[in-house]
Amino acid sequence: MAVEARVQPGLPQGVGRLTAGWKAFIVVALAVLAFGLFAYWYEASNGMVVTSMRNTGTMGGATWGLYIVMVEYFIGVSLAGIVIAAISRVFRIAELRPITRIAELLTVASLMVGLVAVLIDLGHPIRGVINMLLYARPQSAFFGTFTLVAGGVLLTSLAYLYLGGRRDAAKIADTPSRLQWFHRLWAAGYTGTADEQERHQRVMFWLSVGIVPLIVIALSTEGLVFGVQVGRPGWFGSLQGPDFLVLAAASGLANLLVLTAIVRRALGDWNRIGVGVFKWLGRFLLAAAAAALYFMVVELFTLLYATPADERQLADALLRGSYAWIFWLSLALMVLGLGLLIWQAATAKWRVGMLVVASVAISTAALAERYLTVIPSQTHATLLPYETGSYFPNWVEFGVVAGLFALGALLIGLFMKVFPIIPMRDEEEVTTNA
Amino acid sequence: MRRNITVGLVVVGFALMVLGFLAAAPWGSSSVADSNPVIVGAPMLFLLGVVSVVAAAVVYELLPDKHQ
């Protein structure tokens with residue numbers, strides 16, 4: 001069947017065109033980022049005592065606070081993006097192809113922000129990085145976390161994003177614009193010969209095959225950071241690895257769905273990202289959220305059933321103590337999100353607006369669940385005879401975290417203006433009369 | 001040429017990862033007071049190994065054909 005070439009003037013998908021809405025978005029994001037930088041500067045100048053974090057036990061606080069919660073959340077979010085992109089390539093799911101670059105970008109941005117959150121949690125970030133490179137020990141789950149997540153997954157995702165975009169870079173490299181040098185650099189001499197295409201397919205296939213087990217190991221290790229700590233009730237257990245993975249899938253898919261809806265609206269191109277894409281994401285999210293809810297119930301049942309006193313104390317704090325509002329809110333949001341997805345699946349009527357509501361509910365529930373994983377075991381579950389403690393983040397921590405979200409949004413927003421965020425169709429061409 | 005460089009980068013990468021992993025463990029001592037790696041900086045070798053393997057994919061795709 002002959003394919004009619006679709007020719008469009010100038011750079012596609014609004015690349016290089018700074019609209020009023022985009023400028024407003026950048027100004028707001030920069031303002032929030034500036035506030036986050038100020039909060040971090042305040043913390044770095046005065047010491048971590050200006051945060052709500054305190055020593056566990058002796059000072060009745062939590063040494064791992066909101067920053068570590070966000071590390072777990074952001075790195076979890078990174079899972080779904082690259083896995084969706086890999087699945088789309090390996091199994092040749094054409095409906096998902098338009099969102100592969102959005103998914104890869106979400107992975108890269110969330111990994112970068114997650115790793116920044118790790119550094120922010122350190123009193124001396126530079127010393128932490130140097131000592132990790134010099135003295136890290138493979139027996140520690142942290143070794144796997146940093147080497148596999150920071151080294152393996154981030155680098156592979158960047159390679160994936162770069163190589164996957166070469167063909168589009170070559171397509172737009174001849175279009176005169178201020179970004180032409182960048183597009184030529186990205187294309188790196190790609191001309192689209194049969195050999196190049198075959199080589200590209202081979203590389204992307206093996207990267208896809210390699211990255212899925214890599215990210216599963218990396219994220220399971222992230223869960224093991226908690227799961228192997230025998231002296232901390234609520235953390236120790238074999239479920240932490242798979243639980244981390246499942247919740248990561250749910251939160252990642254939810255964020256990917258919301259980002260896809262935002263990109264669709266921003267580009268105003270309803271055909272390029274059709275409802276079919278959202279159906280796929282909705283079904284994946286339904287499965288992941290159901291599994292996440294299952295894990296929540298199983299863990300709660302285990303915690304309540306004839307457990308030692310320390311575990312019972314933790315369960316009380318979650319169910320009717322100081323963390324109860326977060327726990328019940330998390331459960332309610334997860335049930336709400338899941339309910340909306342089940343209803344749409346049952347009626348076979350997928351609505352983007354409702355999917356976004358379900359995604360926001362599930363993502364918020366996942367964030368709350370991360371909070372409940374990290375914090376209560378430090379304040380309410382020590383095996384030594386300390387009084388129960390308390391922790392709630394203050395403005396410094398909230399400010400820094402808001403800055404992290406702004407940084408992630410900026411990374412994605414800026415990318416959209418320098419490169420097509422949706423892979424161009426095979427028949428798509430651009431003219432040079434920008 | 002392309003294949004040789006790619007295979008070389010992958011082999012060197014995995015070798016560095018194994019070496020880095022093993023050399024980062026404090027072999028021969030059970031004391032917590034002596035917990036430094038056998039080779040200081042061994043974790044960096046592991047990371048270099050990861051970089052090498054990922055670079056192999058990029059090199060394989062980017063190296064120009066002979067006739068170009």
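Q: Which residues in H7(A) meet H8(A), and which ones in H8(A) do they meet?
A: From H7(A) there are A:Val216, A:Leu219, A:Ser220, A:Glu222, A:Gly223, A:Leu224, A:Phe226 and A:Gly227, and they meet A:Gln240, A:Gly241, A:Asp243, A:Phe244, A:Leu245 and A:Ala248 in H8(A). Contact is C-beta atoms, placed from the backbone, within 7 Å; helices (H or I, at least four residues) are DSSP runs numbered from the N terminus. This is a predicted model, where local features need pLDDT of at least 70, side-chain atom pairs count only at pLDDT 80 or more, and totals for chains, interfaces and linings use all residues. Residues are numbered from 1 along each chain as its sequence is written, with chains lettered from A and ligands numbered from 1 in the order written.

Q: How do the residues of that contact divide?
A: The contact of H7(A) with H8(A) has 7 nonpolar, 5 polar and 2 charged residues. Nonpolar here is Ala, Val, Leu, Ile, Met, Phe, Trp, Tyr, Cys and Pro, charged is Asp, Glu, Lys and Arg, and the others, Gly among them, are polar.

Q: At what angle do the axes of H7 and H8 of chain A cross?
A: Roughly 125°, with the axes of H7 (residues 194-227) and H8 (residues 240-267) of chain A coming within 7 Å. That makes H7(A) oblique to H8(A), a term for angles that are not under 35 (roughly parallel), over 145 (roughly antiparallel) or 65 to 115 degrees (roughly perpendicular).

Q: And H5 with H6 in chain A, at what angle do they cross?
A: Helix H5 (residues 141-172) and helix H6 (residues 180-187) of chain A cross at roughly 140°, and their axes come within 8 Å. H5(A) and H6(A) are therefore oblique to each other too. The contact is made by A:Gly165, A:Arg166, A:Ala169, A:Ala170 and A:Ile172 of H5(A) with A:His183, A:Trp186 and A:Ala187 of H6(A).

Q: Switching to chain B: how many of its residues are in contact with chain A?
A: 22 residues of chain B, facing 23 residues of chain A.

Q: Which helix gives the largest share of chain B's side?
A: Helix H2 (residues 42-62) of chain B, with 12 residues. The side of chain B that touches chain A comprises 17 nonpolar, 3 polar and 2 charged residues.

Conventions:
Two residues are in contact if their C-beta atoms, placed from the backbone, lie within 7 Å. Helices (H or I, at least four residues) and strands (E, at least two) are DSSP runs, numbered from the N terminus. Axes are lines fitted to C-alpha atoms, for helices over the stretch in contact, and angles run from 0 to 180 degrees between N-to-C directions.
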